[in-house]
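The tour below moves from one selection to the next and says what is found at each stop.

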Amino acid sequence: AIVFAGIMLKFFYDRGKKALSIFPDINSVTVKYRDKSALGYSTKSWHTKVGGASRALDIVVTDKELWLKSFLLFAGITQQHDLLHKISLNKITRVKENGAEIILDFKNEKGEKKQVVINTRDKAGFLNCIRQ
């Protein structure tokens, strides 16, 4: 059982490391907003709507980008659920508030239209940072 757990940890570690490789070192950018325990889901499919991140989504706003990611061991799962994104702020096409939720429409690097729904602890602070 211990060997199996070790293999699983190594699998999630390697998968997470690969998934997070799109993000530069956090110390190399200017962070304007960060919430390491946000909620969110992608509207891509029924599967992604049901399998979102609950208090495991790491939202980072830099001076140029919005990052949606999670911590290392969950990053592979986050990627599977279409919640791992590095978005240029100028690629965000619509921001809509719906109660505590924020609905974000954006275009990814490939030009595909995407939509995620997030819930962050400082909604006003987050919105202020992405709308500048």
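Begin by selecting phenylalanine 23, which lies in the loop between helix H1 (2–19) and E1; helices (H or I, at least four residues) and strands (E, at least two) are DSSP runs, numbered from the N terminus. The model is a predicted one, in which local features need pLDDT of at least 70 and side-chain atom pairs count only at pLDDT 80 or more, while totals for chains, interfaces and linings use all residues. Residues are numbered from 1 along each chain as its sequence is written, and side-chain values use heavy atoms, with hydrogens and water left out.

Phenylalanine 23 has a relative accessible area of 10% and is therefore buried (buried means under 20% relative accessible area, exposed over 50%, partly exposed in between, with a 1.4 Å probe and protein chains only). Show its surroundings next: leaving aside neighbours within four places in sequence, phenylalanine 23 is in contact with Trp67, Leu68, Lys69, Leu84, His85 and Lys86, where contact means heavy atoms within 4.5 Å. A C-alpha to C-alpha distance drawn from phenylalanine 23 to lysine 86 is 7.2 Å, although 63 residues separate the two in sequence.

**The nonpolar cores**

A nonpolar core is a set of buried Ala, Val, Leu, Ile, Met, Phe, Trp, Tyr and Cys residues joined through side-chain atoms within 4.5 Å. Select Ile59, Leu66, Leu104, Ile118 and Phe126: of the 22 residues in the largest nonpolar core, these touch the most other members. At least two residues of this core come from each of strand E1 (31–42), strand E2 (53–62), strand E3 (65–70), strand E6 (101–107), strand E7 (113–119) and helix H4 (123–130). E2 gives the largest share, five residues.

Now centre on isoleucine 118. Not counting residues up to four places away in sequence, isoleucine 118 touches Leu39, Gly40, Leu57, Ile59, Leu68, Ala100, Glu101, Ile102, Leu104 and Phe126. A second core, separate and of seven residues, includes Val60, Trp67, Ala75 and Leu84.

Move to H4, whose buried residues are Gly125, Phe126, Leu127, Cys129 and Ile130. Against which strands do the buried residues of H4 pack? They pack against E1, E2, E3, E5, E6 and E7.

Select strand E5 (residues 92–98) together with E6; the two pair in the antiparallel sense over six bridges (strands pair if DSSP finds at least two bridges between them). Within this pairing, isoleucine 102 of E6 is the bridge partner of glutamate 97. The hairpin has two residues between the strands, and glycine 99 takes a positive phi near 65° there.

Stay on glutamate 97, which forms a salt bridge with lysine 123, the closest N and O atoms being 3.1 Å apart (a salt bridge is a side-chain nitrogen of Lys or Arg within 4 Å of a carboxyl oxygen of Asp or Glu). Because glutamate 97 lies in strand E5 and lysine 123 in helix H4, the pair ties together parts that are 26 residues apart in sequence. Glutamate 97 is partly exposed at 41% relative accessible area, and lysine 123 is partly exposed at 22%.

**Further salt bridges**

The structure holds six salt bridges. Select aspartate 58 and arginine 34, whose side chains meet in one at 2.6 Å, N to O. This pair links distant parts of the chain, with aspartate 58 in strand E2 and arginine 34 in strand E1, 24 residues apart. Aspartate 58 is buried at 7% relative accessible area, whereas arginine 34 is partly exposed at 29%.

Turn next to lysine 114 and aspartate 82, a salt bridge in which the closest N and O atoms are 3.1 Å apart. Are lysine 114 and aspartate 82 buried or exposed? Both are buried. Aspartate 82, in the loop between H3 and strand E4 (85–88), is not a glycine, yet its phi is positive, near 55°. Another such residue is arginine 55, with a positive phi of about 60°, found in strand E2.

**A surface patch**

Finally, display the surface and select Leu9, Tyr13, Phe71, Leu73, Phe74 and Ile77. These form a nonpolar patch with about 520 Å² of accessible area together. Such patches are made of residues with over 30% relative accessible area and no salt bridge, nonpolar side chains (Val, Leu, Ile, Met, Phe, Trp, Tyr) being joined within 5 Å and like charges within 9 Å; the areas come from the Shrake-Rupley method with a 1.4 Å probe, and for residues only the protein chains shown count as cover. Phenylalanine 74 sits in the loop between E3 and helix H3 (75–80) and is partly exposed, with a relative accessible area of 39%.
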